Amino acid sequence: DGSQSTEHWGSNMEGDIWCSKWGVTKLGLGVSEEWGLNCGQKKVRIGQEMDGETNMEEGKCETWTESWCKTFEADGRLARTHAEKEGSNGFGDKWVEKWDEAYETSGATNKWASKKGKKERTNDEWTEEWGEKRAAPDEHNEH
């Protein structure tokens, strides 16, 4: 069906590991998606600092997962983008971020994003959301 993907895996002598995968998926009626995924794990080093705290313990790890996707209509027009990012820093902080954009055939754009997280040491939690609707460019009002 014309779909394809590529993978890359890696590691280093410090015990860090990662993976990347990306490709194109052919959907019905000529629609296609370009997509990607990155994930990994990195050891928090002794002496590494985060928000004024110095790590003195073995075994802490940063982790992350990122994904993205672009959807194209049969005529090649970009119709939508979506991305997500999830992570932790090994010091007890965790977060999730999401982004979406939809592009209408009229030229209008709708955007939305959110962030959620938690800082374990201080027990702080946060949530942010925002959105924007942008009308199609006015062809009769050129500058």
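The model is predicted: local features need pLDDT of at least 70 and side-chain atom pairs count only at pLDDT 80 or more, whereas totals for chains, interfaces and linings use all residues. Residues are numbered from 1 along each chain as its sequence is written, and side-chain values use heavy atoms, with hydrogens and water left out.

**The sheet**

Begin with a cartoon view, in which strands (E, at least two residues) and helices (H or I, at least four) are DSSP runs numbered from the N terminus. Select the eight strands of the open sheet, which follow the order E1-E2-E3-E6-E7-E8-E9-E10 with antiparallel pairing. Two strands count as paired if DSSP finds at least two bridges between them. Next, colour E1 (4-11) and E10: these strands stand at the edges with a single partner strand each, so one side of each has no neighbour in the sheet. On average, neighbouring strands of this sheet are turned by 5° against each other, direction ignored; axes here are lines fitted to C-alpha atoms, for helices over the stretch in contact, and angles run from 0 to 180 degrees between N-to-C directions.

Select residues 17-26 and 32-43, strands E2 and E3, which pair in the antiparallel sense over 10 bridges. Show the side chain of tryptophan 22, which stands opposite glycine 36 in E3. Then move to tryptophan 18, whose bridge partner in E3 is glycine 40.

**The cysteines**

How many disulfides does a search of the whole structure find? The search finds zero, a disulfide being a pair of cysteine sulfur atoms within 2.5 Å. Cysteine 19 is buried (under 20% relative accessible area), with a value of 7%. Cysteine 39 is partly exposed at 25% relative accessibility; this class lies between buried and exposed, the latter being over 50%, with a 1.4 Å probe and protein chains only.

**Two loop residues with positive phi**

Most residues other than glycine have a negative phi. Select leucine 29, in the loop between E2 and E3. Its phi is near 60°, a positive value in a residue other than glycine, and the hairpin of E2 and E3 has five residues between the strands. Leucine 29 is exposed, with a relative accessible area of 81%.

Now go to asparagine 123, in the loop between strand E9 (109-119) and E10. Asparagine 123 also has a positive phi near 60°. Its relative accessible area is 54%, and asparagine 123 is therefore exposed.

**Tryptophan 126**

Finally, select tryptophan 126 in strand E10 (residues 124-134). Is tryptophan 126 buried, exposed or partly exposed? Its relative accessible area is 32%, so tryptophan 126 is partly exposed. Display its contacts (heavy atoms within 4.5 Å). Not counting residues up to four places away in sequence, tryptophan 126 touches Lys94, Trp95, Lys115, Lys116, Gly117, Lys118 and Lys119.
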